[in-house]
Amino acid sequence: MTTWKGAERHADKRPFLLARARILAAVRAWFAAEGFVEADLGAIVPVPGAETHISAFAIEGGYLHASPEFAMKGLLAAGERKIYRLGHVYRRGESGPLHAPEFTMLEWYRSEAPYTAIMDDCLAIIGAAAGAVDRDGLRWKGAAARVDVAPGKITVAEAFERFAGADVLSESVNAFGNAVAGKDDTWSDLFSRALTGRVEPGLDRNALTFLYEYPIAEAALARPCPHDRRVAERFELYACGVELANGYGELNDAEEQRRRFVAAMDEKERRYGERWPVPEAFLEALAHMPAASGCALGVDRLVMLLSDATKIDDVMWSMPS
C-alpha cells in the first residue's frame, strides 16, 4: 500500500497559490475601477481561433477554445465598449516550464482606443498585480524587472537589425542573412527561428520591454500601421526573458480578415493536414465592430514571475497527488 503524499506536495505549492489568489483579485479590482465589464464566456466553440500553428482540442459539438477573441469581438460589435475575460483556454500539444495545455488567459478590449492605450493597461495591470503581493518587480532565473521603471520599447525591425543582422521588412528569405533554410521553410519559419533564437535573447531581461510593429504577415488579426502598411499594430511584452502579453490594434475589415484566415488555414492544412471551418459568424460580426484595441496576457506566467515559482505548474491549482 502506498503512502499518499498529496498533502505535502500541496503544502509546497500553497504559497504560490495564495499569491495567485491575491493577484487575480487585484486584477479584477483594477478592471472594475476602470469601468470594464467581465465577460464569462463558454469554452465550446465552432471555430477555436485563426492561427496556423496552434492546435486545438476537438470535442463533440466543436472545439475547446484556444482564445475567447472571436466571442469578445462579437460583443464589441453588439455594443460593449470595455470588456475583459479572465479564464481558461486550451491548446493541444503545449507543455513545459512556460506552457500547459490548459492555462489561464486574461484578455481585454477597449473600443475607440489606440493600441498604445493597451500598452499602458499592461503596465498598470502588472503594477496592480505586483502590489497585491508586495513586490517591486518580476523575477525569474536571475533576472529582475522593476515595475516602477519605464519600459523599454523597440520595433521589430530595429530588434532584428540589432540582434539578428536581418532586414525583417524584406519579403525575401535571403533577408535573414546566414540563417539556414530547409527545403520546406517559409519566410515565416525563418522569422520565427530568428525571433526565438536571436532577438528574444537579445532583449533586456532586467526590464519590461515592448517589442512592437510586427510585419503584417505576423499579425493575422491586427490592422496595418497608418504610417507604414508593411507593419501592423501588434506588440508583445517581455519580462525576464518571458513573453507575457500579445496586443493588437484590431483589424475590423471583414473581407481582409477572411482572406487572412483562408491563407492561414491553407498553410495549416499543408503543414498539419487539418483546417478549421471559416468563422462565418465572427466575420459577420466583425463587419459591425468599431475600431478597437485588445490584448491577451498569460496569467500563470505573471503569477510565476511575481511569486518566485520556477514553472507555471507551480502556480496552477490541481488535485494533490
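Predicted model: local features only at pLDDT ≥ 70, side-chain atom pairs only at ≥ 80, totals over all residues.
Residues are numbered from 1 along each chain as its sequence is written, and side-chain values use heavy atoms, with hydrogens and water left out.

Six of the six residues of strand 13 (residues 234-239) are buried, so the strand is largely enclosed by the rest of the structure. Strands here are DSSP runs of E of at least two residues, and helices are runs of H or I of at least four, numbered from the N terminus.

Next I looked up the pairing, for which DSSP must find at least two bridges between two strands. Strand 13 is joined to strand 14 (residues 242-249) by six bridges in the antiparallel sense, with Arg234 facing Tyr248 as its bridge partner. In this hairpin, which has two residues between the strands, Cys240 takes a positive phi near 55 degrees. Strand 10 also pairs antiparallel with strand 13, over four bridges, and there Tyr212 has Phe235 as its bridge partner.

I then placed these strands in an open sheet of eight, ordered 1-5-6-15-14-13-10-9 with mixed pairing. Strand 1 (37-38) and strand 9 (152-155) are the edge strands, each pairing on one side only. Strand 1 pairs with strand 5 (residues 82-90) in the parallel sense over two bridges, and Val37 stands opposite Ile83.

For the nonpolar cores I took sets of buried Ala, Val, Leu, Ile, Met, Phe, Trp, Tyr and Cys residues joined through side-chain atoms within 4.5 Å. The largest core has 51 residues, and those with the most contacts inside it are Phe31, Leu106, Trp108, Leu138 and Leu305. Helix 3 (residues 115-132) gives the most to this core, with eight residues. A second, separate core of 27 residues includes Val45, Ala56, Ala219 and Ala254.

Last, I checked Pro277, which lies in the loop between helix 6 (254-272) and helix 7 (280-286). Pro277 counts as partly exposed because its relative accessibility is 40%. Leaving aside residues up to four places away in sequence, Pro277 touches Pro46, Val47, Tyr63 and Phe261, a contact being heavy atoms within 4.5 Å.

Terms used: Buried < 20%, exposed > 50% of the residue type's maximum accessible area, 1.4 Å probe, protein only.
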